[in-house]
Amino acid sequence: MQATADSTKMDCVWSNWKSQAIDLLYWRDIKQTGIVFGSFLLLLFSLTQFSVVSVVAYLALAALSATISFRIYKSVLQAVQKTDEGHPFKAYLELEITLSQEQIQKYTDCLQFYVNSTLKELRRLFLVQDLVDSLKFAVLMWLLTYVGALFNGLTLLLMAVVSMFTLPVVYVKHQAQIDQYLGLVRTHINAVVAKTRCTGGKKET
């Protein structure tokens, strides 16, 4: 019963995260998506120009400058108006931000699930449980060697972020044409895979 309850909770959490991610990527709240997308781009562009330590330090200084300036402004305003509104960040200072043991266990279980699934999949691919899947993986790794020679990690990450926030919208607007071309590609790939399987079966025979 406990395992079932934990599984249900994890499914609910995953469903909630998935729903929020879809809303962001499909620009259903333009303001929220714009802020998240812009923040990612600013962070990645900063990392291409400065070291991680410098970026973290600059971000911390910017945040501190904003909060200190606002704190001084509110203090001066209260002194001029002779009011006693208290600390401007009082609501946030009293906000509970600690993680409970249940929350930590939930996120740990979720991470453990994905790590174990990844390890099992890598074992299956590297030990050639399915020849076609292992060949696909080998071709992908071979292509990545050329990609790695052209782009560094940050550039690839930047391209991935831009793609995540643009491709879903483009797909929705041009779904019919894209599905048509994807269908042709999928048919061609399935034909090649079928020939490969037939060839492998004949050799084993």
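**Entry 1: Ser134**

I started with Ser134, which is buried at a relative accessible area of 11%; buried means under 20%, exposed over 50% and partly exposed in between, with a 1.4 Å probe and protein chains only. I was looking at a predicted model, where local features need pLDDT of at least 70, side-chain atom pairs count only at pLDDT 80 or more, and totals for chains, interfaces and linings use all residues. Residues are numbered from 1 along each chain as its sequence is written, and side-chain values use heavy atoms, with hydrogens and water left out.

I found Ser134 in helix H6, residues 131–150. Helices (H or I, at least four residues) and strands (E, at least two) are DSSP runs, numbered from the N terminus. Leaving aside residues up to four places away in sequence, I listed Arg124, Leu125, Val128 and Gln129 as what Ser134 touches; contact means heavy atoms within 4.5 Å.

**Entry 2: Leu135**

I then looked up Leu135, also in helix H6. Leu135 is partly exposed, with a relative accessible area of 41%. From C-alpha to C-alpha, I get 8.6 Å between Leu135 and Leu125, which are ten residues apart in sequence.

**Entry 3: the annotated spans**

I checked UniProt, where an unreviewed entry puts "transmembrane region" at residues 35–64 and 150–172. Its positions are in the numbering used here, feature names are shortened, and annotations may be inferred rather than shown by experiment. Residues 35–64 are 93% helix and 0% strand, with the end C-alpha atoms 20 Å apart. For residues 150–172 I noted 91% helix, 0% strand and 30 Å between the end C-alpha atoms.

**Entry 4: H2 and H7**

Next I took helix H2 (residues 30–49) and helix H7 (residues 153–173), whose axes come within 10 Å and cross at roughly 170 degrees. Axes are lines fitted to C-alpha atoms, for helices over the stretch in contact, and angles run from 0 to 180 degrees between N-to-C directions. H2 and H7 are therefore roughly antiparallel, the term for angles over 145 degrees.

On the H2 side I saw Phe37, Phe40 and Leu44 among the residues in the contact, and on the H7 side Leu158, Val161 and Phe165 among them.

**Entry 5: the whole chain**

Last, I noted eight helices and zero strands. Of the 205 residues in the protein chain, 10% are buried.

Note on methods: Parallel < 35°, antiparallel > 145°, perpendicular 65-115°, else oblique.
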